[in-house]
Amino acid sequence: SMTIAAEGTAQTANVTATAGLAWSVSTNQTWCKVNNGATANGTGTGTFTVSCDANTGSLRNAIVTITAPGVANQTIAISQSAPGAAGNLVVNGTFASWTGTTPDSWTIDANANWSQNPGGGIKVQGKGASGSTAKVYQNVPVTVGRTYTLTFKYTADAEQLRIWSGFAATAAATGSTTWTATPEANDVFRTNNGYFPVAATLTSWSQDFTATDAYFHLELRAYKNLGTGVITDVSIVEKN
């Protein structure tokens, strides 16, 4: 994933490929450019730049796709900040971009009932078996010692949605065993954060936190007795 400032400053992406393998890059939004155009090409290991036209509206997202013969397509989720506001560190927080059955830049638990909601956001059908948990997560880069605000909107027909998150040293963290050791009793998430109240219409939820490691493991969970829930507009911004 890649977050680009409102002014559109270019960033470099790397491609690792076998010698002689030709690859091409494209973008699904006209305001998002690769090598200052709609497409880019290369051979073997190389680089290309991603830039955006200046953003004068709200936070927006794009997908850059890398293709090569005989190789599965690779994608990069691009998030461009709104002008005059701290950038959202969560990529694809509206769940607008999907590849197949998975929202771009998020990981869905293999045993989860998450899907794209026709009205926007991500929808989850509650798990039927006792003890089952449906999870979707993203590891968000943060700076140790700085304070951030996590916000999102949700609906739920039972008190079975919650946050179950922590901090990790690497972007590959997948669960509590890889989080920085933090007594759960002192954690603003998990133990000290109960289930969200029932909400028939989109309801805002927010929580401030101070980073204790390089990544915030943002994990959304649904439990066995939930009928249907929706989550959208997920953001993490640094407080001034």
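**Sheets, a pocket and a ring cluster**

Five strands make up an open sheet in the order E1-E8-E7-E3-E5, with mixed pairing. Here a strand is a DSSP run (E) of at least two residues, numbered from the N terminus, and two strands pair if DSSP finds at least two bridges between them. The edges belong to strand E1 (2–4) and strand E5 (39–43), each of which pairs on one side only. On average, neighbouring strands of this sheet are turned by 20 degrees against each other, direction ignored; the axes behind that angle are lines fitted to C-alpha atoms. The model is a predicted one, in which local features need pLDDT of at least 70 and side-chain atom pairs count only at pLDDT 80 or more, while totals for chains, interfaces and linings use all residues. Residues are numbered from 1 along each chain as its sequence is written, and side-chain values use heavy atoms, with hydrogens and water left out.

Within this sheet, strand E3 (residues 22–27) pairs with E7 in the antiparallel sense, over four bridges. Valine 25 has isoleucine 66 in E7 as its bridge partner.

Isoleucine 66 turns up again in the lining of the largest pocket, along with Val15, Thr16, Ala17, Leu21, Trp23, Ala68, Val71, Ala72 and Gln74. Two elements give two or more residues to this lining, namely strand E7 (60–68) and strand E8 (71–80). Of the elements, E8 gives the most, with three residues. A pocket, on a 1 Å grid over the protein atoms alone, is an open set of points where a 1.4 Å probe fits, with protein on both sides within 12 Å along at least five of seven lines, and its lining residues have an atom within 4 Å of a point. The space in the largest pocket comes to about 160 Å³, taken as the space filled by probe spheres set on the points. As for class, its lining has eight nonpolar residues, two polar ones and no charged ones.

Now for the rings. Aromatic pairs number ten, counting rings of Phe, Tyr and Trp (its six-membered ring) whose centres lie within 6.5 Å; planes under 30 degrees apart are stacked, over 60 edge-to-face and the rest tilted. Tyrosine 148 and phenylalanine 209 are stacked, because their ring centres are 5.6 Å apart and their planes stand at 25 degrees. Tyrosine 148 sits in strand E15 (residues 147–156) and phenylalanine 209 in strand E18 (residues 199–210), so the pair ties together parts 61 residues apart in sequence. Tyrosine 148 is buried at 2% relative accessible area, and phenylalanine 209 is buried too, at 3% (buried means under 20%, exposed over 50%, partly exposed in between, with a 1.4 Å probe and protein chains only).

Phenylalanine 167 and phenylalanine 216 make a tilted pair, 5.3 Å centre to centre with 55 degrees between the planes. This pair also links distant parts of the chain, with phenylalanine 167 in strand E17 (residues 166–168) and phenylalanine 216 in strand E19 (residues 215–223), 49 residues apart. Ring pairs join Tyr148, Phe167, Phe209 and Phe216 into a cluster.

Technical notes
Ala, Val, Leu, Ile, Met, Phe, Trp, Tyr, Cys and Pro count as nonpolar, Asp, Glu, Lys and Arg as charged, and the others, Gly among them, as polar. Axes are lines fitted to C-alpha atoms, for helices over the stretch in contact, and angles run from 0 to 180 degrees between N-to-C directions.
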